[in-house]
Amino acid sequence: MDDKFDAPLLGILQNCGELEPFLEVVLGFLYRKTDFFRPLSSDQSMGFPPGVAREKLLKVYKKYECMGSPATVPRSPPSNNHPPTPPATPGLPSITPRPTVTPNVTAGELLPKPELKQEAMEQIQGDWSTSSWDHHNGGVTEHYAWSQTATDVDLKLVLPNPNIKASDLKIDIKPYNLKVQLKQQSDLQTLLEEKLHSLVKPEESMWSLHKGECLQINLEKGRDGYWWTGMFEGGHAIKLDTIDTTRHMHEFGQDERACVQKLMFDQQQKRLGQPSSDELNTEEILKKAWNTEGSPFAGTEYDRSKINLSNNPPPGTSGT
């Protein structure tokens, strides 16, 4: 976790006095200064498809929810007693944690195993299902759900036991392979071993355990902008024409964002009949050279009409 923004954030939190106004500040900033809350439409390239922004927000929330409730702590039996309130930091609002609600549903096995397959199918058809998990630009099966952006793939796997701890799992991510194993008394039980649809970057990939719910694995794509038609080689496939290939501004690097903003500016200038960004830059250079020593225009005011800023040759010339 990066703590370089802690000082300004603590200042904002102290000014707000309570958690809810602080969240209002954060989300209000996203609303005013970004396209986070802007629905994507056919006449503009900025914004998010319906539900995607909410999914991204929940994804980050669940990440820190999992970290706040360490998966290595054994599940306690249900109790009506509320957990003790931690001591408040001086100058900050105190926040009383809500009691954790423990689901009483057992998930199915990852891979079809004869002794567990029927049980898994019955349990998944019960109170909750993988179909409720995020599968934007991806797919869902009874054992897993996956989604993707232009840069990463997110996989959620059903586990055979809701009491599994992070220390019970061994996750092996390789450029083209994924292996999930469950540590037992003297050996390892392989829950999943598959060849991935395409290349990933293991050093930039990560996983987290949502205890009682699923194992989540985030894989950084080896090739940005390459869209997967399946999670695993030979597995369930989706059609390319069903993929929303829209890339949002936050998914681009700094240089790419600058290029996109330049293109959008040039399109706007063209609609208004105004010079492009390149032409404006060229004009600035010409303005500086206008009165320099040796210039045929030295001593006169800058006259834009005498300059051809476009790529087209002036009338009456061959352009050579």
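The model is predicted. The protein chain has six helices and eight strands, and 29% of its 320 residues are buried.

**Overall make-up**
- Along the sequence, the elements of the protein chain run α-α-α-α-β-β-β-β-β-β-β-β-α-α.
- Of the contacts in the protein chain with a separation of 6 or more, 50% join residues 24 or more positions apart.

**Nonpolar surface patch**
- V26, L27, Y31, F37 and L57 make a nonpolar surface patch of about 470 Å².
- Helix α2 (residues 19-33) gives the largest share of the nonpolar patch, three residues.
- Y31 lies in helix α2 and is exposed, because its relative accessibility is 61% and the cut-off for exposed is over 50%.

**Aromatic pairs**
- The whole structure holds five aromatic pairs.
- One of them joins Y31 and F37, a tilted pair with 6.3 Å centre to centre and 55° between the planes.
- F37 is partly exposed, at 41% relative accessibility.
- W290 and Y302 are edge-to-face, because their planes stand at 75°, and their ring centres are 5.0 Å apart.
- This pair links distant parts of the chain, with W290 in helix α6 (residues 277-290) and Y302 twelve residues away in the segment after α6.
- W290 is buried at 3% relative accessibility, whereas Y302 is partly exposed at 26%.

**Ring cluster and charge over a ring**
- Y31, F36 and F37 are linked into a cluster by ring pairs.
- R223 places its charged end over the ring of Y226, 4.1 Å from the ring centre.

Note on methods: Residues are numbered from 1 along each chain as its sequence is written. This is a predicted model: local features need pLDDT of at least 70, side-chain atom pairs count only at pLDDT 80 or more; totals for chains, interfaces and linings use all residues. Side-chain values use heavy atoms; hydrogens and water are left out. Patches are made of residues with over 30% relative accessible area and no salt bridge: like charges are joined within 9 Å, nonpolar side chains (Val, Leu, Ile, Met, Phe, Trp, Tyr) within 5 Å. Accessible areas come from the Shrake-Rupley method with a 1.4 Å probe; for residues, only the protein chains shown count as cover. A salt bridge is a side-chain nitrogen of Lys or Arg within 4 Å of a carboxyl oxygen of Asp or Glu. Helices (H or I, at least four residues) and strands (E, at least two) are DSSP runs, numbered from the N terminus. Buried means under 20% relative accessible area, exposed over 50%, partly exposed in between (1.4 Å probe, protein chains only). Contact means heavy atoms within 4.5 Å. Rings of Phe, Tyr and Trp (its six-membered ring) pair if their centres lie within 6.5 Å; planes under 30 degrees apart count as stacked, over 60 as edge-to-face and the rest as tilted. A charge sits over a ring if NZ of Lys or CZ of Arg is within 6 Å of the ring centre and within 35 degrees of the ring normal.
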